[in-house]
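Subject: A structure for you to explore

Hi there,

Here is the structure I promised to pass on to you. Have it open while you read, and try to find each place in the viewer as you go.

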Amino acid sequence: MNSPAIILVRPQMGENIGAAARAMLNFGLDHMRIVDPRDGWPNERAVALASGAGRVLDTAMVRDTLGQVCADLNYVFATTARSRDLTKPVMTPERAMQHARALSAQGLKVGVMFGPERAGLENEDVIRADALITVPVNPDFASLNLAQCVLLTAYEWRRQDAEIPPEVLELAGARLAEGGEVEHLLDRLVKALDARRFFWPEHKAASMQASLRNMFHRLPLTETDTRTLHGVVRHLAERTPKD
């Protein structure tokens, strides 16, 4: 699948170009296009801030005009924090990257434009876009650093990958305890607590035991956890009650 081109329009600081390249490569994007960088190109400060992502800069397309870098693209997004009074779809980064993946899956070329640090994209730039991306930031402080905005977009592109599970439980070489192992532990614990008259008053004993069992079954216990807890119960049961 073709990944989207990240288009930096008239960037002002080499440091932000380098930081944007690093953010791109963090999430698997390596196609950068730069329009009329203020301090010229190549830029030593950009290379320094790329911090290992120099190959993104090495292969970057650098042109004088936005029309030149967008000429071969089928669909272009423009990132903006301001209302533009233009009739265009306005998407969150999540929705935009969902659409970008769908377009890329059809073999189409997609680009995402980011404006200069001082004031963002001009209306003349935004007019070239097919859709807008607006990040739901704090309305009282909506300004995002250029590299931050690139990172948000790149993250959403990467997150759409179905092969990346939303949550993983790391077991550190152990395995989750089987139901029988948990029940054996609970039987032993209930017996030890009952010997200490923990389940009192008597008419509440059943509900107290049910709550205890529910709590343990709710926990993601590993086999190691159950062995440790068996040792805890044994140690406490061997001690003489003070009463």
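Below is what turned up, grouped by region. Please keep in mind that this is a predicted model.

**Helix α7 and its neighbours**

On the α1 side, the contact is made by Asn 16, Ala 19, Ala 20, Ala 23 and Met 24, while α7 brings Leu 146, Ala 147, Val 150, Leu 151 and Ala 154. Sorted by class, the contact of α1 with α7 has nine nonpolar residues, one polar and no charged. The crossing of α1 over α7 is right-handed.

Now turn to helix α5, residues 93-105. The axes of α5 and α7 come within 8 Å, and they cross at roughly 55°. That angle makes α5 and α7 oblique to each other, and their crossing is right-handed. From α5, the residues involved are Pro 93, Glu 94, Met 97, Ala 100, Arg 101 and Ser 104; from α7, they are Thr 153, Glu 156, Trp 157, Arg 158 and Arg 159. What classes of residue does the contact of α5 with α7 have? There are four nonpolar, two polar and five charged residues in it.

Next, look at helix α8 (residues 179-195) and helix α10 (residues 223-238). Their axes lie 10 Å apart and the packing angle is about 15°, so α8 and α10 are roughly parallel to each other. α8 passes α10 in a left-handed crossing. In α8, the residues that take part are Glu 181, His 184, Leu 185, Arg 188, Leu 189 and Ala 192, and they meet Glu 223, Thr 226, Leu 229, His 230, Val 233, Arg 234 and Ala 237 in α10. This contact of α8 with α10 is made up of six nonpolar, three polar and four charged residues.

**Aromatic rings**

How many aromatic pairs does a search of the whole structure find? It finds three, and here are two of them.

One is Phe 27 with Tyr 155: the ring centres are 5.7 Å apart and the planes stand at 75°, so this pair is edge-to-face. Tyr 155 is partly exposed, at a relative accessible area of 38%.

Another is Phe 198 with Phe 199, which is also edge-to-face, with 5.2 Å from centre to centre and 85° between the planes.

**One last residue**

Finally, find Gln 12, in the loop between β1 (5-9) and α1. Gln 12 has a relative accessible area of 18%, so it is buried. Leaving aside residues up to four places away in sequence, Gln 12 touches Arg 38, Asp 39, Pro 116, Glu 117 and Arg 118.

Enjoy looking around!

Best wishes

How values were computed: Residues numbered from 1 in each chain as written. Predicted model: local features only at pLDDT ≥ 70, side-chain atom pairs only at ≥ 80, totals over all residues. Heavy atoms only, no water. Axes fitted to C-alpha atoms, helices over the stretch in contact; angles between N-to-C directions. Helix = DSSP H or I, 4+ residues; strand = E, 2+ residues; numbered from the N terminus. Parallel < 35°, antiparallel > 145°, perpendicular 65-115°, else oblique. Left-handed = near helix turned anticlockwise from the far one by under 90°. Contact = heavy atoms within 4.5 Å. Nonpolar A, V, L, I, M, F, W, Y, C, P; charged D, E, K, R; others polar. Phe/Tyr/Trp six-rings, centres within 6.5 Å; stacked < 30°, edge-to-face > 60°. Buried < 20%, exposed > 50% of the residue type's maximum accessible area, 1.4 Å probe, protein only.
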